[in-house]
Amino acid sequence: MSAPGQLAANWEKTFTATTAEQTHAFGARLAGVLRAGDLLVLSGELGAGKTTFTQGLGEGLGVRPGIISPTFVLVRIHPNLPGGPRPGGPDLVHVDAYRLGSAAEIDDIDLENTMDSSVTVVEWGHERVEHLSESRLEIDLHRAIGLGGIGRGTTGPGTSVNLDFDGEDTDEPRTIVMRGYGPRWETAPELGSPEGSNPC
């Protein structure tokens, strides 16, 4: 269910990635359908794979490598590489909004100046960045350990998560829930799934 004043998602899709490589590959595949002006809102507990996903996204967009969590600088801009897979494509703006308490604080970092020429990814951006664009993708990443509810709602019937893994293994399965909002995402993109992962 949507929060008051929030539009309902146009659609929701759930995937399972059983390794970090699959999480990375999912980001790279999603990059293929993104364009300048797109806004992605990432959620997930620490260690859920948000940075791994964003590294895959950056690789697919063909931006300067070296993507790490921007926790201490809030915003990192990764310019498109002329010799990369998408020359002339959008830059990647990677934001960590964990320490920002409101939409007003988001406005203070002037993301509006880069939105039109970039794909903007905001970690911990829920209820902080929705005003930046009439359309967005929300992507929730969850580790299999301790899965209760997924994201802000349910994943619907038929969702399956493989919980058979060693607790010491950093490659435990991740559940990726993706929702589309606004006219840009009226229908879900046809991504398939990363090789070996399981769409739910």
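**A tour of the predicted model**

The protein exposes about 9500 Å², of which carbon and sulfur atoms supply 51% (Shrake-Rupley method, 1.4 Å probe). This is a predicted model in which local features need pLDDT of at least 70 and side-chain atom pairs count only at pLDDT 80 or more, while totals for chains, interfaces and linings use all residues. Residues are numbered from 1 along each chain as its sequence is written, and side-chain values use heavy atoms, with hydrogens and water left out.

Of the 200 residues, 43% are buried (under 20% relative accessible area, 1.4 Å probe, protein chains only).

Next, select β6 (136-143). Because 7 of its 8 residues are buried, β6 is largely enclosed by the rest of the structure. On one side of the pairing list, β2 joins β6 in the parallel sense over 4 bridges (strands pair if DSSP finds at least two bridges between them); Leu 40 stands opposite Leu 137. β7 runs antiparallel to β6, with 8 bridges, and Arg 174 faces Arg 143 there.

Now select Ile 139. Beyond four places in sequence, its contacts (heavy atoms within 4.5 Å) include Leu 30, Phe 53 and Met 178. These residues are also among those with the most contacts inside the largest nonpolar core, which has 25 residues (buried Ala, Val, Leu, Ile, Met, Phe, Trp, Tyr and Cys joined through side-chain atoms within 4.5 Å).

Finally, select Val 41, Leu 74, Met 115 and Leu 132, which belong to a second, separate core of 13 residues.

Methods: Buried < 20%, exposed > 50% of the residue type's maximum accessible area, 1.4 Å probe, protein only. Helix = DSSP H or I, 4+ residues; strand = E, 2+ residues; numbered from the N terminus.
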